[in-house]
Amino acid sequence: MDIQPKANSTKIKDAKSQGVSRKFDFLETLKYVLRRHLGLAGIIAAALLLEITSSLMNYVNHNIIQDTMERLVEQEMNSIAFRIHNQLSKVEVTLDNMAWVVTDDLAKSDSMFVITRRMVENNPAILGGTISFIPNYYPEKGYWFEPFAGRRADGTIESIQLGSASHDYTKSEFFTKPIALGKGHWSEPYMDADGAKTVVTTYGSPVRDYHGKIVGVVDADLSLGWFEQLMDKEKVYKNTERFLVTGSHHLIAGTEGHMLEHALKLLTVANNKAGYHKVTDEKDEKHHIFFHPVGGKTDWVLISVLDDSEVFGKLSKVRFLLYFVTGIGLLILGFIVFRTSRNLDHLRRVRAEKNRIDSELHVASNIQMSMIPKRFPELPGIDLYASIKPAKEVGGDLYDFFLKDDKLYFCIGDVSGKGVPASLLMMVVTSQFRTVSRYLSQPDEIMKAINDHIAEGNDTHMFVTMFIGILDLKTGHLAYCCGAHNPPLLIGSTVEPLPVLRKLPVGAIKGTKYVMQETQIEQGSTLLLYTDGLTEAMDTKKKMFGVERMKETVLHLQAAGEVSSKAILNGLIEAVETFVAGAEQSDDLTMMAIKILE
């Protein structure tokens, strides 16, 4: 009974010892191979290192190109959507006002021909205009009465009575929809064979009598040719396909094809009408599809389709060249390793090169993310300086400036909240300021355009207090607009706040109208813009720095001869640091000073 367990115990011990022996033999064999083939191991290690490095570089470069592509396409689509929205808004305002004119002249049926003719004559964008009345509104004119004025190919304007049994406008969308909705409406594109004699989209605005009853619709036709021409403008990527479609997926501009089909399928399942998708078609070709709503009174969507090979083609060629060069390098390295003992030095150089590349990529990333100008060039007639001191690693304050047509465009803003979300919104606002200011030259218009863009789909309910100014460097004339921001200080013989009408902050409510104000900045005067991180800086007792202390500091600096823009800002920063006496900074501190030189 005692013999069997001892035998089993011996077998178990033998098995364990054999396992340990086999493990030991494997490690020894591996060490032997590495010692005898150290050069081969070096080549393998170098190959892996170069593969990782090239893959990392390709990944980083791919992301940089991707981000750049998205930013450029977004700017393109913002510009095109803005032009479309602007054109449509002009027609909408004209037609809505024309509806009141028709109401005033309802007693004169023949005057309707004069009104439609005047509407087409005064608005070159309008191809044809009608006033479509409800059946038998003028019994003497018959069941259908539709005065029409249309611009013909030779430039002449023809006026006719268009309504008839063969042209029953009462069944058309441009007549029924505005009446059903009780407000202006853009129709789906259609072929107007009797009036404009081409494919058009029509905006209709209901006409009411003095009792408020809808008695007809005033309409304006826009040719789709204008939209077609706009689709081919401003292409960073020349093979970009653009489409403009209605909410019902009817094509307004662009050429039908398989990419439009892909885009419409995505648009059907998308949660909203703005976004970006990457798709692969039936030919295994990759494409980038962007959606951008036109907005306003339309449900139209602007679509851009980019060919992946055009966006990343050069990167693929560079990567192939890199692999080719790397392959040759490894062959040379193998020859050197097997012939010399300098393989370790070579590996050290490769590692040092990799560290240098990583460091440069880090610096490049920081430069890419930097959107706030840090250099202040000498500008004609002014002394400009600005500073920003975030309370955290990233902040929501912003400022920007640039010259255009001998005018200084500048802004300062403070995003609600702090941290990464505020910094992201700050970058969007800064980008929008640069983009919108290319096409608009009034601060209130620029503010409104930025507001409408930020407020569109603002699910986070974040907003930006903002001040925008345009300073004529030749005359000193300042046009400005304030969106709930702190009034700047005007520093001259006295130090007083600039009078402002503080409208709603940017991004709060879409469609907010802003007011442009004007003043004259005298020579020797300085305009000081700041965020509430200056006036609301608190000491350890929670006491604020305040506006009056800021004024006293500026007067003290003037008395001491510190009158340059940089000196004023440095003096204020020093005063705040002395006041808070080591208390933690609670908000971003941003300032900009613009002095008109004598």
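The following questions and answers cover cysteines, charges and backbone angles in a predicted model. In this model, local features need pLDDT of at least 70 and side-chain atom pairs count only at pLDDT 80 or more, while totals for chains, interfaces and linings use all residues. Residues are numbered from 1 along each chain as its sequence is written, and side-chain values use heavy atoms, with hydrogens and water left out.

Trainee: How many disulfides does the count come to?

Mentor: A disulfide is a pair of cysteine sulfur atoms within 2.5 Å. The sulfur of cysteine 481 has its closest cysteine sulfur in cysteine 482, and because they are 7.3 Å apart, this is too far for a bond. By this rule the count is 0 disulfides.

Trainee: Is cysteine 482 buried or exposed?

Mentor: Buried means under 20% relative accessible area, exposed over 50%, and partly exposed in between, with a 1.4 Å probe and protein chains only. Cysteine 481 has a relative accessible area of 0% and is buried. Cysteine 482 has a relative accessible area of 1%, so the answer is buried.

Trainee: How many salt bridges does the structure hold?

Mentor: Side chains of opposite charge can pair when their charged atoms come close. A salt bridge here is a side-chain nitrogen of Lys or Arg within 4 Å of a carboxyl oxygen of Asp or Glu. The structure holds 15.

Trainee: Which helix holds glutamate 76, the salt-bridge partner of arginine 242?

Mentor: The side chains of arginine 242 and glutamate 76 meet with an N to O distance of 2.9 Å. This pair links distant parts of the chain, 166 residues apart, with arginine 242 in strand β8 and glutamate 76 in helix α2. Helices (H or I, at least four residues) and strands (E, at least two) are DSSP runs numbered from the N terminus. Arginine 242 is buried at 5% and glutamate 76 is buried at 8%, the latter in helix α2.

Trainee: How many residues apart are glutamate 577 and lysine 389?

Mentor: These two side chains form a salt bridge at 3.4 Å, N to O. Glutamate 577 is in helix α13 and lysine 389 in strand β13, distant parts of the chain that are 188 residues apart.

Trainee: Which residues are linked with Lys551 in a network of salt bridges?

Mentor: Glutamate 548 and lysine 551 form a salt bridge, with the closest N and O atoms 3.8 Å apart. Both are in helix α12, and because they are 3 residues apart, about one helical turn separates them. Lysine 551 is buried at 14%. The residues linked with Lys551 are Glu496 and Glu548.

Trainee: Where does aspartate 284, a member of a negative surface patch, lie?

Mentor: The patch is formed by Glu256, Glu261, Glu282, Asp284 and Glu285. Patch residues have over 30% relative accessible area and no salt bridge, with like charges joined within 9 Å and nonpolar side chains (Val, Leu, Ile, Met, Phe, Trp, Tyr) within 5 Å. Aspartate 284 counts as exposed at 62%. Its place is the loop between β10 and β11.

Trainee: What is phi of aspartate 405 near?

Mentor: Most residues other than glycine have a negative phi. Aspartate 405 has a positive value, and its place is the loop between β14 and β15. Aspartate 405 is exposed at 66%, and its phi is near 55°.

Trainee: What is phi of histidine 249 near?

Mentor: Histidine 249 is in the loop between β8 and β9. At 27% relative accessibility, histidine 249 counts as partly exposed. Its phi is positive, near 70°.

Technical notes. Areas by Shrake-Rupley, 256 points an atom, 1.4 Å probe, with all protein chains shown as cover. Lys, Arg positive; Asp, Glu negative; His and termini not counted. Charge placed at Lys NZ, Arg CZ, Asp CG, Glu CD.
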